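Dear colleague,

Please find below the structure that I am handing over to you.

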Amino acid sequence: MKDKKLKEIILEALNDLKGQSISCIDVRNLTPIADFMVIVTGRSNTHVKALSDNVVKEVKSAGFEIVGVEGRSQSEWDLVDVGDVVVHVMLS
């Protein structure tokens with residue numbers, strides 16, 4: 001139940017900033033690392049950074065913890081690890 005709520009928070013955060021081609025893949029039967037993998041594209045490096053920043057902000061404000069964020073220096077591909085959900089934000 002917790003992972004589904006977390007997934008919804010993340011999808012809403014991405015939709016709020018007009019993330020493109022948002023896909024949510026259920027990987028529970030494929031890997032023990034995460035339950036869901038979310039993939040979204042941004043229009044520019046700035047958009048990619050804004051999308052990942054918004055995911056971090058909304059997840060924290062909902063009381064969940066961020067495990068890690070990678071790729072922020074160039075923002076062509078950011079990975080936000082929220083534990084049960086891994087978010088890939090990248091340029092198309």
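This is a predicted model: local features need pLDDT of at least 70, side-chain atom pairs count only at pLDDT 80 or more; totals for chains, interfaces and linings use all residues.

Residues are numbered from 1 along each chain as its sequence is written, and side-chain values use heavy atoms, with hydrogens and water left out.

Helix 1

Helices (H or I, at least four residues) and strands (E, at least two) are DSSP runs, numbered from the N terminus. Buried here means under 20% relative accessible area, exposed over 50%, and partly exposed in between (1.4 Å probe, protein chains only). The buried residues of helix 1 are D3, L6, K7, I9, I10, L11, A13 and L14. They pack against strand 1, strand 2, helix 2 and strand 5, where contact means heavy atoms within 4.5 Å.

K2, which lies in helix 1, is exposed, with a relative accessible area of 51%. K2 touches F64 and D84, residues up to four places away in sequence not being counted. The C-alpha atoms of K2 and D84 are separated by 8.7 Å, although the two residues are 82 residues apart along the chain.

Helix 2

For helix 2 (residues 45–61), 17 residues should give a span of 24 Å at 1.5 Å a residue, and the end C-alpha atoms agree at 24 Å apart. Its buried residues are H47, V48, L51, S52, N54, V55, V56 and V59. These pack against helix 1 (2–16), strand 2 (36–42), strand 3 (68–70), strand 4 (77–81) and strand 5 (85–91).

L51 of helix 2 counts as buried, at 0% relative accessibility. Leaving aside neighbours within four places in sequence, L51 is in contact with L14, L17, G19, T41, G42 and V89. L51 and M90 are 39 residues apart in sequence, with 9.5 Å between their C-alpha atoms.

The contact between the helices

The axes of helix 1 and helix 2 come within 9 Å and cross at roughly 140 degrees. Axes are lines fitted to C-alpha atoms, for helices over the stretch in contact, and angles run from 0 to 180 degrees between N-to-C directions. The contact is made by L6, I9, I10, A13, L14 and D16 of helix 1 together with L51, N54, V55, E58 and V59 of helix 2.

Positive phi angles

Which residue just after helix 1 takes a positive phi? It is K18, with a phi of about 60 degrees, although K18 is not a glycine. K18 is in the loop between helix 1 and strand 1 (20–26) and is exposed, at 58% relative accessibility. S21, in strand 1, also is not a glycine and has a positive phi, of about 50 degrees; S21 is exposed, with a relative accessible area of 60%. Just after helix 2, G63 takes a positive phi of about 95 degrees.

With kind regards

Key: The expected span of a helix is 1.5 Å times one less than its number of residues.
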